[in-house]
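The following exercises concern one protein structure. Work through each task before reading its solution.

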Amino acid sequence: MTTTLDHLNNCSTQDFVHTLHGIYEHSPWIPERAAASRPFASITALKLALQTVVSQATEAEQLGLIRAHPELAGKAAIAGELTAESTGEQAKAGLTNCSPEEFAILHKLNADYNSKFGFPFILAVKGPDGKGFTREAIIATFQRRFKNQRADELAESLRQIGRIAELRLNDLLEHTLQFGNTIMQWSETLAAWSDDEDGLTCAYMTPAHQKTAEQLAAWMREAGMHVHIDAVGNVVGRYLSDATDAKTLLTGSHYDTVCNGGKYDGREGILLPIAIVKHLNETNEKLPFNFEIIGFSEEEGVRFKSTFLGSNAVIGQFDLNLLDKTDADGISMRDALSAAGHDVKNIPAIARDPAQILGYVEVHIEQGPVLLGRDLPVGIVTSIAGSCRYQVQLKGVASHAGTTPMSMRKDAAAAAAEIIFYVEQRCANGTSLVGTVGQLQVPHGSVNVIPGSCNLSLDIRAADDATRDAAVNDILAKIEAICQQRNIEVNIVKAVSAPAAPCAPWLMQQLAAATQRAGLPAFELPSGAGHDAMAIAKMTDVAMLFTRCGNGGISHNPLETMSADDAEVSAQILLDFLRNFKEKL
């Protein structure tokens, strides 16, 4: 007989623990404690309750849980001594069929890892999509995580155990994902098209970019949408309402990537709503408003160093002077668009009428570790951080490293080092404030020459402009003071100034209600990264839903990941949001 959530909510504690005995390896104390939180509103709420017990356990209990797990392809696996659950998982990943060379590598990694951390390596071998890692991917992950600090690896092991438990619960409850697997599969399809052979790079109007656009358009058509690709390459799909004079709710994100980027940044926010519309169309369900998905063509600024091209066109603020900008090969944006079949004369017509727009909601991976650290699959964004970027040029005196006394030096690099240290200190004082020196150069530097010049970049961000501007003012004043003390000439050029974009409370409240109906807390967090929602906020109210990002929260990197289950949670929340959406009064 199939186990149901209703049964788990109403059975005795003893039966509850017995039913879930295989979810956490040899650790009945976890369901015992979680039983007190019944009833669970959803399977997602049950998963969160179980993992919360693990998170709140003592370190001794957590270590006991980790040590209850077997080594990957260890002696227990070879001897057939694993639990039924572990046996199936390791077999599916091919770990019971390793070559002698692979077994030798894993045996040494197991021994070295245990020696360093004092517990076995834990990995949910079914992976983020449930299809399973290859043995090569498992070994690569093993080697990468071996470099972690113990505290970080302990936390990651517990998260992996949570993922294992999540997948086992899906099997136990015969829980089939409605959207998550499709989103992951589509992401893999798009990731195969890249400007580079190694890694994923999809820059504006390249062949990979155009192929991605066509595929998005095809999926939108299959989902039952009216589709076109506009003059800047935005892929636009409209799911029309039967209501007369219906206004439009917007969603979307960007489909271009950074160089050697991740599969989900931006693209989740396009693929996820397409999957929802496909479901609505297949069930003949209409919304009381038009629902428009926009795959924005350019947000990252990789090819022409100009960001938000797609979303700026939608709000009627596309700078036509950018058409004359050239890429590294001397090709102008105008020519790139023309070669791709776009007529730049039609760009002004892309602009939407704000009076016909109800608002904008964007789903996006978090690109950070906050949700991961709190064991939450989703979060509601409060504000998108504004940023100020500067290029700082320092000029001292280049002189002989051996003959110039320390007291007489005008070392531009030493001034830069002091500046970097202050940026780090100053930006540690604020919950959403961050500061980064991402570029640092010593032109014509030599090992035996005191640096006569040094160039650095400065990026200051915060969720509100007042916090950011106060930090900027302090940092700029400190740069002047450092340079005066060290007799260094300084030239500071502002490169970017983008205001913060607060999310609209009335939209956030509706996202929060949908999140709570899913059985989850409506956790709020700011976004330190920029998004197309920043541009759209100049035209209409915006909101954002973040999906948990794995692998320590890393993004803009091939290691960027999310799970099918987390994508499912985000999709169900957005679907609920759409079904219960109420216009702003």
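**Exercise 1. The chain as a whole**

What percentage of the 585 residues of the chain count as buried? State also how the overall extent of the chain may be described.

*Solution.* The model examined here is predicted.

Step 1. A residue counts as buried when its relative accessible area is under 20%. Of the 585 residues, 54% count as buried.

Step 2. The secondary structure consists of 21 helices and 16 strands. The radius of gyration is 26 Å, close to the 25 Å that the globule rule gives for 585 residues, so the chain is as compact as a globular protein of that length.

Step 3. The C-alpha trace spans about 75 × 75 × 45 Å along its principal axes.

Step 4. Consider the contacts between residues at least 6 apart in sequence: 78% of them join residues at least 24 apart.

Step 5. The chain exposes about 25300 Å², of which carbon and sulfur atoms supply 50%.

**Exercise 2. A residue in a strand**

Determine whether Val-542 is buried or exposed, and identify the residues with which Val-542 is in contact.

*Solution.* Step 1. Locate the residue: Val-542 belongs to strand β16, which covers residues 542-547.

Step 1. Apply the cut-off of 20%. The relative accessibility of Val-542 is 2%, so this residue counts as buried.

Step 2. Leave aside neighbours within four places in sequence. Val-542 is then in contact with Tyr-360, Pro-502, Cys-503, Ala-504, Leu-507, Ala-533, Ile-536 and Ala-537.

Step 3. For a further distance, take Leu-240, which is 302 residues from Val-542 along the chain; the two C-alpha atoms are separated by 21 Å.

**Exercise 3. Charged side chains**

How many positive and how many negative side chains does the chain have? Describe selected salt bridges.

*Solution.* Step 1. There are 49 positive and 69 negative side chains, and the centres of the two sets lie 3 Å apart.

Step 1. Side chains of opposite charge can pair when their charged atoms come close. A search of the whole structure finds 29 salt bridges.

Step 2. In one of these, Asp-565 meets Lys-47, with an N to O distance of 3.1 Å. This pair links distant parts of the chain, 518 residues apart: Asp-565 is in helix α21 (residues 564-579) and Lys-47 in helix α4 (residues 43-56). Asp-565 is buried at 4% relative accessibility, and Lys-47 is buried at 13%.

Step 3. Lys-47 and Asp-565 also belong to a network of salt bridges that includes Arg-163 and Glu-166.

Step 4. Arg-135 pairs with Glu-102, their closest N and O atoms being 2.7 Å apart. Arg-135 is partly exposed, with a relative accessible area of 23%, whereas Glu-102 is buried at 13%.

Step 5. Asp-459 and Arg-461 form a salt bridge with closest N and O atoms 3.0 Å apart; both residues are buried.

**Exercise 4. A residue in a loop**

Where is Thr-206 placed, and which residues does Thr-206 touch?

*Solution.* Step 1. Thr-206 is in the loop between α11 (180-191) and α12 (207-222).

Step 1. With a relative accessible area of 13%, Thr-206 is buried.

Step 2. Not counting residues up to four places away in sequence, Thr-206 touches Asp-195 and Arg-303.

Definitions and conventions: Residues are numbered from 1 along each chain as its sequence is written. This is a predicted model: local features need pLDDT of at least 70, side-chain atom pairs count only at pLDDT 80 or more; totals for chains, interfaces and linings use all residues. Side-chain values use heavy atoms; hydrogens and water are left out. Helices (H or I, at least four residues) and strands (E, at least two) are DSSP runs, numbered from the N terminus. The radius of gyration is taken over C-alpha atoms; the globule rule is 2.2 Å times the number of residues to the power 0.38. Buried means under 20% relative accessible area, exposed over 50%, partly exposed in between (1.4 Å probe, protein chains only). Contact means heavy atoms within 4.5 Å. Accessible areas come from the Shrake-Rupley method with a 1.4 Å probe; for residues, only the protein chains shown count as cover. Lys and Arg count as positive and Asp and Glu as negative; His and the chain ends are not counted. The place of a charge is taken as NZ of Lys, CZ of Arg, CG of Asp or CD of Glu. A salt bridge is a side-chain nitrogen of Lys or Arg within 4 Å of a carboxyl oxygen of Asp or Glu.
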